[in-house]
Amino acid sequence: MAWGRLALIQAAGEAEEVLPKMATCLSYRLVKDNRQLSGHRSDNTKYSSVSGRSQSSGEDDTQAALVPARFLRVRRRVKKRVEDDSRADYLDNPEWCITPEMQRRGGTYQFAKAAQLLPMSRLTPFLLNALGQQRPGAALDHRQLARCLAKGVAVQRLPFLLRQRWSQRLLIIVDTSVRLEPYWADFEFIVLQLQQQLGAEAVQAVRFDEGSRRRKGFQAISWPTSEQAEWFPWVAPAANVPVLILGDLGVGDKQGSSRAFWLRVARRLYGHDAPLLTLNPLSASGLNTRVARQLRPAPLNDGATLPRYPSRSGFSLRAADTELQAILGWLSALPLVDAGLLRGLRLAFRWGNSDLEGLLWNHADVQQTPLGIRVRRNAVDKYQQHYQDKLAGTAQAARFWELVGAHHQGAFEGLRQLEKLNRCVLEETDSREVGDYLQRLAASISQGAVGSAQRKALMMQCRTYLAAQPQRIWGSEFSELAYDLYALAHEDEIKAGQWPEVL
């Protein structure tokens, strides 16, 4: 290397024993040469950087190829302060605490609902054909009337053309399993729209108790559920009441308990005279012929065309050519993905049809939380690496963060700052706003009253922040703040000598 040769030249002007030692350190070896190294040594030797190369006995050492020179280039400049174990000044400065004004800003975790999969203008004709009943209309059936007159049959009553009409009653059964959470808003939309069209008293919507899967009877409650609603024993509806099921009939349950439960429901409805219909948000009905013929599953999917009448043999949609790993690379950058945000991102980036949301929500590398989903801690590193290698700094990434910021505009300050922190760490950028917020968070914990509810809440927020961060945060621009936050959030464990592995 070039710097090695320069060091060798410098060593040649030192004491007699310096040059051989330096040459050995730099992997140089002694080569015989008749030429004098003027100004450096008086013997007929020189040092060459070809050590380690095998040469034949007849080969001249002076003709051996030199190792190509290598040069260093500065790619990034990082300002490092001198190691200081003393307590940071801002931790004891009241001016750095979160102000009451910031606390009053508040926020929410109730975000905008997902955009509707299908408008009622597309659903209503299909639901009417599937669940309606034929009744005489206002127009005369001239063909039937002419047939009676031609046969000389006395017309006791004028025949009218039959028209498809809604039944006077309609029962809707909703599957509210967590695996179907991305579609809860769609189920609610359909229920409310039908209640508005047919009358709230004519449409009854219920959901079953999860515990009913382990009992012979069925416990149900009205849905959407109000505070005054109570559980009641469910019995099969009257023979003339159509039934609409919103769910996957347990097909998407990997454990199989839900499928067995819905087979019990199907047996309870066996022989029901009125029409039965199931709107399934998955890509395939996956039922045997007998159950499909009875419950008639149809796709509730924005990539499928609704037939005029439901099929009696189930359905199977063509799988979209979508790489889940690439999508999880996007989602790994977020500490929280709610159902509305997931659909907004899917539609904006055209990831695939609506059944993709269910696949992501129930993916093995995804963790479900009361507020949404996030990539699991033990799998997040590989997906975040994909984000850094393929997505960071692109125009798509800018659009991605713009959509996230708009969707979570009314969220609590902590969530919005955590998303900004994730972006800075993954894209290796700095943000004064994020740094100031983290300092205020640490100072508020440091100066908070021990045992107070506010301090406990802030410490829990710190733990959430750090748990959502990749390991690379400890070498980022926010490393010092991260260590301060970790020390404050785990103060009791550290004092007890239980040092976390990350420290």
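Modeller: Buried means under 20% relative accessible area, exposed over 50% and partly exposed in between, found with a 1.4 Å probe on protein chains only. This is a predicted model, in which local features need pLDDT of at least 70 and side-chain atom pairs count only at pLDDT 80 or more, while totals for chains, interfaces and linings use all residues. Residues are numbered from 1 along each chain as its sequence is written, and side-chain values use heavy atoms, with hydrogens and water left out.

Biologist: What percentage of the 503 residues in the chain is buried?

Modeller: The chain holds 18 helices and 13 strands, taken as DSSP runs (helices H or I, at least four residues; strands E, at least two) and numbered from the N terminus. Across the 503 residues of the chain, the buried share is 42%.

Biologist: Is Leu 117 buried or exposed?

Modeller: Leu 117 sits in the loop between H3 and helix H4 (120-131). Neighbours within four places aside, Leu 117 is in contact (heavy atoms within 4.5 Å) with Tyr 183, Asp 186, Leu 300, Asp 302, Arg 343, Arg 346 and Ser 354. Because its relative accessibility is 9%, Leu 117 counts as buried.

Biologist: What distance separates the C-alpha atoms of Leu 117 and Tyr 183?

Modeller: Tyr 183 is one of the residues in contact with Leu 117. Although the two are 66 residues apart along the chain, their C-alpha atoms are separated by 8.8 Å.

Biologist: How many residues are in the second, separate core?

Modeller: Leu 334, from the largest core, is in contact with Leu 341, Leu 345, Phe 400, Trp 401, Val 404 and Asn 422, leaving aside neighbours within four places in sequence. The second core is separate and includes Leu 91, Cys 97, Leu 418 and Ile 445, within a total of 29 residues.

Biologist: How many disulfides does the structure hold?

Modeller: Cys 97 counts as buried because its relative accessibility is 16%, and Cys 462 is also buried, with a relative accessible area of 0%. Where a disulfide is a pair of cysteine sulfur atoms within 2.5 Å, the number in the structure is zero.

Biologist: What is omega for the peptide bond from Trp 223 to Pro 224?

Modeller: Pro 224 lies in the loop between strand E7 (219-222) and strand E8 (232-233). The bond that leads from Trp 223 into Pro 224 is cis, with omega near -5°.

Biologist: What is the phi of Leu 249?

Modeller: Leu 249 is in the loop between strand E9 (243-246) and helix H7 (257-268), and counts as buried because its relative accessibility is 4%. Leu 249 is a residue other than glycine with a positive phi, near 60°.

Note on methods
Core = buried A, V, L, I, M, F, W, Y, C linked by side-chain atoms within 4.5 Å.
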